[in-house]
Each structure stands twice: as structure tokens, then as C-alpha cells.
Amino acid sequence: MTQTFSGNASFLNNGNDLIVVLGHGQLARMMYLGATQLGLNILAVNADTKECVNPVDKTRLNLTLEQAFDHCIAITSEFEHLPKDLVKQAEATGKFRPGAKAIAAGADRIVEKTLLEDLGIANCPHRIIRNTEDLANAYTELGPKLILKTSRDGYDGYGQWRIFSLDELQDICNELQEFDFDHMPLVAEQCVSFEREISLLGVTDSQGNHDYYPLTENHHGAGQLVLSLARAPNVNAALQQQAQDIHDKIAEALSYTGVLAIELFQMGDKLLVNEIAPRVHNSGHWTQQGCAASQFENHIRAIAGLPLGSTQPQHLVAMVNYVGEPKPSIEILALKNIHLHWYDKGVRAKRKMGHINLVADSEAELQALITKVHALLPESLQANLAKLKA
Ligand code: ATP
Ligand code: MG
């Protein structure tokens, strides 16, 4: 269905308050929800077809990309794997936040690793792989456990291979005989033994002021985020500060405006950067109920040149991703302090369909809620939530 230009006059009447999001998935939809309460409008762009769409129901809008770019006050993106020409076109307007440089650092693991190395930020020992000989050498130097990743287009654990033995190395080398390394170099990382995964979401306003949410503890299943716990337990001021210092260095190097997510591995009292995401992030969904201003609202505030809202946590939150499952049961919805965020997508295995935020004011209250929700979840999600049960 196509909506008419005049039918969407509100997107254009106030040319002053339109924001364009490249990408039209759940993050664009939730940015819309964060923006609308501020009286700002959001229009999403299907990055493949370059059509402008309504960010909530995804209906096509009768408006060209050029018209949208002309009228808007800011352009942002909900993911980094964008066509190069679209990034170029957005950058040329001078309105793209956080901009092409930040997008490149999030989209290409080689650019990202180079940035981290240049800034002296600890990350996983790694090698760039341009042929199978490089891979064999990397295994000798960094093995016996490697994770091989495509340099681009990887997300939710796609585009990764575990190499945990010489036999597996041989198998992968055989598989890669015809691989076009020029088109897609790979990155081999040492598989590190971390104690846990955490992330920091920070936001930088248009004046360069930084603010941060408290560290979040993250749990993965099959390479994909399934659970977040915020605030992460057992975080002292030094650890939070270490993460914030990393954030500031990266944000400053990228002349960043908006929310920047940093995925970290904790090893003792040291943090290693796993990867960065130049956008709002799944591990920040808890802020929708946990903080006065969510990551979505603050990202919009930052790119619109507005003052930031408070990042102070107001509640404890456990966020459970609904992966590959239909909507939760009425029994779950009936529980107080459960907040559902559904994305209205067709059900598919491994697909993020929505999330629920479990909100509490004490550890004991959160545990009680986790126990109640656990009993009502479908089996595949039960196994995930079990990780948080005391
Ligand atoms: P996402 O889009 O979910 O962030 P991704 O596909 O970009 O994922 P990574 O974040 O690089 O991929 O890896 C996914 C998960 O695999 C990590 O969160 C971590 O659990 C595990 N992992 C990745 N790299 C390493 C490593 N070097 N050592 C140990 N575990 C790792
Ligand atoms: Mg990741």
C-alpha cells in the first residue's frame, strides 16, 4: 500500500522536525516511539529499495529519498550494513549523524580493528586473513581456538566459524579454496576466555558532551544476544570508568553524535572491546523502562541538537529477547511489571520478534519476577532465562 504525499503532510508540514532513519526494522520503529513524544517526526528508508516508508507499519510513502533528505533536520541509521552509495548520499547532505566514518568503523571489522589499535584500546588478539596461508599462520600464532569472522555483513553471529582444532582448520582451509578474499577479507580472532560479556551505551550530544548508561550484562545463545541484565551486577566505579574512557576515545576519534554501543569482554578487572555499534543497540532496550530517557529518546535528542535526557537508572531490568517465537501468552502479559515491545514481523527461526522488559526495584523482586516469567515462557526462551535464575 502506498500512502499519498498529502496524506503524510505531517511529515513535511513541519520540515523543521523531520528525522530520516536509514533502515526500516525494529530499531527505526523504536526510534520513532522515542521521537514522537518529543514532537519530532521520523521517516524510515528501506535501504535496499531506497523507498521512504512509515517506520511503524512500513507502508510506502509517496516521497523520494531526495525530498526526505532535503526536508529533514537530521539523518541517522539503524544499522551499519548499508549500501555505500546510500551512505555517500546521506553524508553529502551534512546532516548524517553519527556519519560515514562511524558507519564504516561499525560495518567493517578491519576498519574497526585498525581504529581500536590506533587508539591503543585493548581488543581480542587478531589477524587479517587474505588467503588460507594467513589462516594457518594465525592458527599457529593465536590458536588453538580461533573465531573466524567475515570483515563485513556479519550480525547475530552470522558470518562466523569456530576453529577449535587442527582438523577443523584443515576443513575450513579446504572450504575456502575458492573463496574470494579480495572481495571479502576475513578476520581471525583468538577465542578469548572471558568471565562475562557486558556493554556500554554512551550518548554524545551535538556539543560533544558525553553521557552514559550503566554497564549492562549480556548473555548470548548461538552467537546472538538473548538476555540483558541492567544494571550489570558486581560493577565497581573503576570498571564503569574504564568503559566510559573507552567510549570517549572512540566517540572523539569518530567526531560522534548520538548513541554509541560498545560490546566488551570482561577479564578480571580488564575490559577488551569485542566490537562497536554506531547506533542504538539491543543491549540498551532495557532503558525503555529502566531510565528516565531511553537510548532511543537520547539518540534522537542528540542528533536533533537537543539537550540529553537523564541516563540515570530508575529500576532494575532484565530484558528477554523473543527469538523465533510468536507473541507471549496472556499469562505473561498479565504479570505486573512486564513490558512487551513487539516488532510485528513474520515469525522465523533465529529472528528477533520482540522483547520483554522485566522491571523491579530490588534484586529479590527481580528474581521473583524472573521465576514467574520463566515458568510461562516457551521452552527455547526458558533455557535462556534460566541463566539469570539464582
Ligand atoms: P551481534 O550482531 O549479535 O553483536 P556479531 O555477529 O556482530 O554479533 P560478534 O559480536 O563479533 O558478532 O560475536 C557474537 C558473539 O560471539 C559474541 O557476543 C561472543 O559471545 C562470541 N565471540 C565473538 N568473538 C569472540 C572471541 N574472540 N572470543 C570469544 N567469544 C567471542
Ligand atoms: Mg556483537
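Around ligand 1 stand 22 residues, and K149, G157, Q160, E197 and E275 come nearest. A residue counts as near when one of its heavy atoms lies within 4 Å of the molecule. This is a predicted model, where local features need pLDDT of at least 70, side-chain atom pairs count only at pLDDT 80 or more, and totals for chains, interfaces and linings use all residues. Residues are numbered from 1 along each chain as its sequence is written, chains are lettered from A and ligands numbered from 1 in the order in which they are written, and side-chain values use heavy atoms, with hydrogens and water left out.

**Ligand 1**

Taken alone, ligand 1 exposes 610 Å², and the protein buries 93% of that. These areas come from the Shrake-Rupley method with a 1.4 Å probe; for residues, only the protein chains shown count as cover. Two or more shell residues come from each of β8 (146–150), β9 (160–163), β10 (186–190), β15 (258–267) and β16 (270–277). Helices (H or I, at least four residues) and strands (E, at least two) are DSSP runs, numbered from the N terminus.

**The magnesium ion**

Ligand 2 is a magnesium ion, coordinated by E263 (OE) and E275 (OE) at 2.0 to 2.1 Å. E263 sits in strand β15 and E275 in strand β16, so the pair ties together parts twelve residues apart in sequence. Donors are N, O and S atoms within 2.8 Å of the metal (3.2 Å for Na, K and Ca); water is not among the atoms, so sites may look incomplete. E263 is buried, at 14% relative accessible area. Buried means under 20%, exposed over 50%, partly exposed in between (1.4 Å probe, protein chains only).

**Helix α11**

Nine of the nine residues of α11 are buried, so the helix is largely enclosed by the rest of the structure. F296 belongs to this helix, residues 295–303. Its relative accessible area is 1%. Beyond neighbours within four places in sequence, F296 is in contact (heavy atoms within 4.5 Å) with L27, M30, M31, G34, V280, H285 and Q288. S294 caps the N-terminal end of α11, with a side-chain oxygen 3.2 Å from the backbone nitrogen of F296. After the helix comes G305, whose phi is positive, near 75°.

Technical notes:
A polar contact is a pair of N or O atoms within 3.5 Å; within protein, one must be able to donate a hydrogen and the other to accept it, and residues adjacent in sequence count only if both atoms are side-chain atoms.
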